[in-house]
Amino acid sequence: MRSVQRTSDDMSLVRDSSLVWLACGVVGVSFGAVSVAGGLPVWVPVVMSLVVYAGSAQFSAVGVLLAGGGPVAAAATGLLLNTRTAAFSLAVAEIIGTGRAARFLGAHLVTDETVAFALAQSDPVRRRRAFWISGLGLFAVWNFGVAAGALAGSALGDTVRYGLDAAFPAVLVALVLPQVRADGAVRRCAVLGAVIALVATPAVPAGVPVLLALAGLFLHRREPVEVTA
Amino acid sequence: MNATVVMMLVLAVGTYAFRLVGPVLHGRVEIPARVQELTSAGAVVLLVALLATGALTEGGGFAGWARPAGVLVGGLLAWRKAPFVVVVVGAAAATAALRAAGVA
């Protein structure tokens, strides 16, 4: 019965993450298409997606490159955008697992989507399975999408028409809502952080607003000392 | 090696280094309970900030009405505890419908 339970749990994890995969796959197709349409050789977006594996940073780096900003500015922009993955990797370190292979492979799979998906699960076993299922699936779909887009060019046309740009924020709403609802301290920090990020957006480079949001943690008061010790 | 390859390598190595921070520190240094509490709260704060900026802004400016309206539809569905698929598809469909109707 246990394995039956686990299989149906895994199926529900696959079902929920497949939507994230689909949305990211389409974004991957557009990344491949945009890069090649801008004049980069096909292998650049493909290799970049395998080794960098970070959607927004890839878009920005290629954007800077195609706009003539030069490779130094492109790398700096991408790195700035990915700084937040350090904070995410701390939050999911326990979830990834402790084996050497799990740590080194799992680290590469730390993305906004996968972290949100794992943290939204209720128990530690399910969190770990959610991390690996969504992470490996997302890696496969993203890279397949980018390669397909780079080869096919801009066959999809303007993906904004499909409203997919609203899908990722909606995914995040669905995933963080239970935690934000349940924990008042986290809710206060998150609201302050979001306001800081929005106010800062027009004034600072991309990637910085989200990092500034961490200042919202200032509202996270120390929990009363537990007496269980 | 040309400059594009160097750029990709720097970006890849730097990003991987960021991602290794958590897994490498974990189990090696005793992380105080208070810091653990703050990192897990910090992850939620980052995700909410990503969702707010992702819903409302594009390239440093306002993203237009169609996208935040679609995300709001998704948020209401999530609030009513609609299944995940309904939340995500509902948000994208609402945004696509608004755009088809001429709302930017």
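Leaving aside neighbours within four places in sequence, A:Thr201 is in contact (heavy atoms within 4.5 Å) with A:Pro209, B:Thr53, B:Thr57 and B:Gly60. The model is predicted: local features need pLDDT of at least 70, side-chain atom pairs count only at pLDDT 80 or more, and totals for chains, interfaces and linings use all residues. Residues are numbered from 1 along each chain as its sequence is written, chains are lettered from A and ligands numbered from 1 in the order in which they are written, and side-chain values use heavy atoms, with hydrogens and water left out.

- A:Thr201 lies in the loop between α10 (184–200) and α11 (208–212) of chain A; helices (H or I, at least four residues) and strands (E, at least two) are DSSP runs, numbered from the N terminus.
- A:Thr201 counts as buried at 9% relative accessibility, where buried means under 20% relative accessible area, exposed over 50%, and partly exposed in between (1.4 Å probe, protein chains only).
- A polar atom of the A:Thr201 side chain lies 2.7 Å from the backbone oxygen of A:Ala197.
- A:Ala197 is found in helix α10 of chain A and is buried, with a relative accessible area of 0%.
- Beyond its neighbours within four places in sequence, A:Ala197 is in contact with A:Pro209, A:Val210, A:Ala213, B:Ala49 and B:Thr53.

**Salt bridges**

- Seven salt bridges are found over all chains; each is a side-chain nitrogen of Lys or Arg within 4 Å of a carboxyl oxygen of Asp or Glu.
- A:Asp9 forms a salt bridge with A:Arg126, with the closest N and O atoms 3.7 Å apart. Because A:Asp9 lies in helix α1 (residues 2–37) and A:Arg126 in helix α8 (residues 124–152) of chain A, the pair ties together parts that are 117 residues apart in sequence.
- A:Asp10 forms a salt bridge with A:Arg129, with the closest N and O atoms 2.7 Å apart. A:Asp10 is buried at 15%, whereas A:Arg129 is partly exposed at 28%.
- B:Arg67 forms a salt bridge with A:Asp165, the closest N and O atoms being 2.7 Å apart. This pair crosses between chains, from helix α3 (residues 66–79) of chain B to the loop between α8 and α9 (167–182) of chain A.
- A network of salt bridges links A:Asp165, B:Glu58, B:Arg67 and B:Arg99.

**Annotated regions of chain B**

- An unreviewed UniProt entry places the feature "transmembrane region" at residues 41–63 and 84–102 of chain B; UniProt positions are given in the numbering used here, feature names are shortened, and annotations may be inferred rather than shown by experiment.
- Residues 41–63 of chain B are 70% helix and 17% strand, with the end C-alpha atoms 27 Å apart.
- Residues 84–102 of chain B are 89% helix and 0% strand, with the end C-alpha atoms 28 Å apart.

Technical notes
Polar contact = N/O pair within 3.5 Å; in protein donor to acceptor, adjacent residues only side chain to side chain.
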